[in-house]
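Here is a walk through one protein model, written for someone meeting structures like this for the first time. Keep the 3D view open and follow along.

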Amino acid sequence: CDSLRRSATQVLLGNWTGAATVPSRALYPHQWSWDSAFIAVGLRHVSPRRAQRELETLLSAQWGDGRIPHIVFNPSVPDGAYFPGPGFWRSAVAGRAAGASAFIQTSGIIQPPVHALAAWLVHAADPAESRRRGFLPRVYPRLAAWHRYLGGARDLGGGGLASVVHPWEPGLDNSPCWDAALARIEPAPFGSFARTDLHHSSAADRPTDLDYARYVRLAATYRDHGYDDARTPHAFAIEDPSFNALLIASEHALADIAETIGADAGPHRRRAEAATAALVGRLWDPVDEIFHARDLVTGAAIAGHSVSGLIPLVVPGLPAAIAKALARTLHGPRFGLGRVHLVPSYDLTAPEFDGNRYWRGPSWFNTAWLIHRGLAAHGEEEAAGLLREQFLTLAHRSEFAEYLEPHSGDARGILRFSWTAALALDLLQ
Ligand code: DGY
């Protein structure tokens, strides 16, 4: 335990840049939105003050329309170190109408809204220090504006759920769930961009060139429409279960934050309840016993079984019968809890399953942490305990790998990955 705690702390200290933490020095040399939220959850056990700072740095890059960009670029890192860099996104110019800062360079897309939940957990680690620094009163208005953006401009389906408009937004970049929607996208010309991710990670573990050509096309179209959700002809628009579950969990956290600082928690609780009803009504599949994403371009549910469909376990007010059904699915042949390592990102029995390639099968530590949290909250103590054991053993043995091949448990992607270390610290408590 002590040696795990020491090495996890070393990863976080080594990846700290002075104002925030990079996910990895090599592959991801800037600040990433949902990474920072998970990092803050672990960092609070090392330094509550630094964990507050992590979130404050991210929130200082928030746009005027409320969006929290998925990357905040570090100006001391050369533009060529990561693709797509600031020169591609042109946030200061292309995002002007949406209120992007002229001084902080960012991307223009978003990532899952884990931030209010992280802020609440960071506060809880040291309430006195949080009060002394006025942490909650300072972050509350920004987090509330973020949620207003998601519930407003991003409710593209009009049914009370937030939509993602790029495969990078739900964080499950190359999930087989997006294959059919992506097949409709005209790829950007291959000579028009140069990937940098393959300098740091094996090509077999990463999305393909064809995936990238489509990611580039979608991002460029959004950029060329000023990142304006109403004006952009969104060729990729999806209601993702995990993205919305995290929004609901964060809305509950925002209610707790509001209560603590003397603001009105009522609207947050009501929004969380309405969104839970929308999540169940629009995405729950009682036959498959999993939540399925919905493609807003075709209007149809996406048939694939992804780990995303299990993450609604983190929703506090989820009906007990649904939580029970999700626990059954987790133990079943598609996700194999206890028979494979952690929780695979995609259905083990599907022909598209690939245990090495990013989100097409590998097990990730952040989704395991979320599922552990959900199982514990819904009284599934035994499954939660098993997942925690596996998590801590594998995080240590893999040197805090980015992800794992689910059958062998071998490390994939890069090592010394910040959220793996941070969430290990959290589970050690
Ligand atoms: C990447 O660069 O691979 C991320 O997943 C997208 O931000």
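Let's start with His331, which counts as partly exposed because it has 15 C-beta neighbours inside 10 Å. To be called buried, a residue would need 20 or more of them, and to be called exposed, 12 or fewer. You'll find His331 in helix α13, which covers residues 320-331. Now look across to Ala383: it sits 52 residues away from His331 along the chain, and the two C-alpha atoms are separated by 8.8 Å. One thing to keep in mind throughout is that this is a predicted model.

Carry on past α13 and you reach Gly336, in the loop between α13 and β7 (363-364). Gly336 has 17 C-beta neighbours inside 10 Å, so it also counts as partly exposed. Its C-alpha atom is 9.2 Å from that of Asp347, a residue eleven positions away along the chain.

**Pairs across the chain**

| Pair | Separation along the chain | C-alpha distance |
|---|---|---|
| His331 and Ala383 | 52 residues | 8.8 Å |
| Gly336 and Asp347 | eleven residues | 9.2 Å |
| Ser91 and Gly226 | 135 residues | 8.8 Å |
| Asp410 and Ala278 | 132 residues | 38 Å |

Take Ser91 from that table. Is it buried or exposed? Ser91 is buried, because 26 other C-beta atoms lie within 10 Å. Ser91 belongs to helix α5. Leaving out residues up to four places away in sequence, Ser91 touches Pro69, Ala100, Gln105, Thr106, Ser107 and Gly108.

Asp410 is another residue from the table, and its place is the loop between β8 (403-404) and β9 (411-412). With 16 other C-beta atoms within 10 Å, Asp410 is partly exposed. Once you set aside its neighbours within four places in sequence, Asp410 is in contact with Leu404 and Glu405.

First, a bit of background: most residues other than glycine have a negative phi, and most peptide bonds are trans. With that in mind, where does this model do something else?

Have a look at the bond joining Phe83 and Pro84, which is a cis peptide bond with an omega of about -5 degrees. Pro84 lies in the loop between β2 (71-72) and α4 (86-89).

Arg90 is in the loop between α4 and α5 (91-94). It counts as partly exposed, with 16 C-beta neighbours inside 10 Å.

Arg416 also has a positive phi, about 55 degrees, although it is not a glycine. Arg416 counts as buried because it has 21 C-beta neighbours inside 10 Å.

**Two helices packing together**

Next, find helix α8 (residues 135-151) and helix α11 (residues 241-261). They pack at an angle of about 145 degrees, and their axes are 10 Å apart. The crossing of α8 past α11 is left-handed. Which residues of α8 make the contact? They are Leu136, Pro137, Tyr140, Leu143, Ala144, His147 and Leu150. On the α11 side, the contact is made by Leu247, Glu251, Leu254, Ile257, Ala258, Thr260 and Ile261. Sort the residues of this contact by class and you get eleven nonpolar, two polar and one charged.

**Around the ligand**

Which residues surround the ligand? His70, Trp168, Asp173 and Asp197 do. By class, that shell has one nonpolar, one polar and two charged residues.

**Zooming out**

Finally, step back to the whole protein chain, which has 16 helices and nine strands. Its C-alpha atoms fill a box of roughly 55 × 50 × 40 Å along the principal axes. A compact globule of 429 residues would have a radius of gyration near 22 Å, and the protein chain has 20 Å, so the two agree. Buried residues make up 54% of the 429. And among contacts with a separation of 6 or more, 70% come from residues 24 or more positions apart.

Definitions and conventions. Residues are numbered from 1 along each chain as its sequence is written. This is a predicted model: local features need pLDDT of at least 70, side-chain atom pairs count only at pLDDT 80 or more; totals for chains, interfaces and linings use all residues. A residue is near a molecule or strand if its C-beta atom, placed from the backbone, lies within 6 Å of it. Ala, Val, Leu, Ile, Met, Phe, Trp, Tyr, Cys and Pro count as nonpolar, Asp, Glu, Lys and Arg as charged, and the others, Gly among them, as polar. Axes are lines fitted to C-alpha atoms, for helices over the stretch in contact, and angles run from 0 to 180 degrees between N-to-C directions. Helices (H or I, at least four residues) and strands (E, at least two) are DSSP runs, numbered from the N terminus. A crossing is left-handed if the near helix is turned anticlockwise from the far one by less than a right angle, and right-handed if clockwise. Two residues are in contact if their C-beta atoms, placed from the backbone, lie within 7 Å. The radius of gyration is taken over C-alpha atoms; the globule rule is 2.2 Å times the number of residues to the power 0.38.
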